[in-house]
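Subject: Handing over a structure

Hello,

I am passing on to you the structure below, which I have been looking through. Please have it open while you read the notes that come after it.

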Amino acid sequence: MSDNLRGVLLMCLAMFAFTINDSFMKAASLELPLFQAIFLRGFATTALLLILAQITQGKIDLRPAFGDGPVLTLRTLGEIGASVAFLTALTHMPLANLSAIMQALPLAIALGAAAFFGASLGWRRLVAISVGFAGVLFIVKPGTDGFDIWSLVGLAAVAFVVVRDLSTSKLSSGTPSVTVSIWAAGTVTILGGVVILWQGWQDVTWHNLAMTTAASAALVVGYMASVMVMRVGDIAVVAPFRYTALIWAIVFGWVLFGTLPDGLTLLGAAIVISSGIYTIWREARRKSESHL
């Protein structure tokens, strides 16, 4: 299996797993306070990751490779911010609408790479990114009756994920993916526990436990696949398959919650996705020309 094919499959798997996690967490938050659901899911997720580390590595080592400490810290902070912002928005808006906003990620990551890592952006890619972010306005609908304030929290989640993913790309191969995932899950769990001390604890049913455990199992798969996908394959080939998340979000949102995105949201999503794919294609072509 080529690195590109492995990367594509990992990206599709990650998007599917994350959407399953999102669906279970949205359902759980209908019955439990959000941070209690985060804590329960995080506890199970961290336990599963520790078991996975023991199985795959023969030991549990939470130490990052030499020089990776600051990068892992930054990535972990991005994970915390992304989790809180995304799940907060998810409890207040339809799954597919939030997923549509998240489709701006490849554009935001390209912009972030240029701003912080000096990656070059030609005028065509800048125009495509601008058009893509204009598409986000169709989804958010500022100044209209369809505007949802929680869409802005979704945009904050995009910014935090950019920090997370750009940091991941700078981690050395000496820090195992499972270690990175344990740090992410563990810190989010601790945050949930701290907030619970302030909010109080609600009695948990077996149904609640089943939903949060299922979410944690899906999250483990998503964590591992998303970390590994940033380390294999050509990002120009792999990145477009991030958009499969919107397909799953529409399906699960309709089947589980009876919601479908409106026409403007779908139009905005189409603009964002088209701009993202073009941006990725231009980057691939630029790299190809530079090697001639």
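The model is predicted, so to speak of local features a pLDDT of at least 70 is needed and side-chain atom pairs count only at pLDDT 80 or more, while totals for chains, interfaces and linings use all residues. Residues are numbered from 1 along each chain as its sequence is written, and side-chain values use heavy atoms, with hydrogens and water left out.

The structure holds 1 cavity of 30 Å³ or more, a cavity being a set of points, on a 1 Å grid over the protein atoms alone, where a 1.4 Å probe fits but cannot get out. The lining of the largest cavity consists of 31 residues, with Phe18, Asp22, Phe86, Met102 and Arg164 nearest the centre (lining residues have an atom within 4 Å of a point). Among the elements that give two or more residues to this lining are helix 1 (3-29), helix 3 (69-90), helix 4 (95-102) and helix 7; helices here are DSSP runs of H or I, at least four residues long, numbered from the N terminus. By class, the lining has 17 nonpolar, 7 polar and 7 charged residues, where Ala, Val, Leu, Ile, Met, Phe, Trp, Tyr, Cys and Pro count as nonpolar, Asp, Glu, Lys and Arg as charged, and the others, Gly among them, as polar.

Turning to the packing, helix 4 and helix 7 meet at an angle of about 45°, with their axes 9 Å apart (axes are lines fitted to C-alpha atoms, for helices over the stretch in contact, and angles run from 0 to 180 degrees between N-to-C directions). The two helices, helix 4 and helix 7, are therefore oblique to each other, since angles under 35 degrees count as roughly parallel, over 145 as roughly antiparallel, 65 to 115 as roughly perpendicular and the rest as oblique. Leu98, Ile101 and Met102 of helix 4 are in contact with residues of helix 7 that include Leu155 and Val158, contact meaning heavy atoms within 4.5 Å.

Helix 5 (residues 105-117) also packs on helix 7 (residues 150-169), at about 60° and with the axes 9 Å apart. The residues of that contact divide into 9 nonpolar, 2 polar and 1 charged.

Finally, the axes of helix 3 and helix 8 (residues 177-199) come within 9 Å and cross at roughly 50°.

Best wishes

Methods: 1 Å grid on protein atoms, 1.4 Å probe; cavity = no way out; pocket = protein on both sides within 12 Å on 5 of 7 lines; lining within 4 Å. Points joined across faces, edges and corners; volume = space filled by probe spheres on them.
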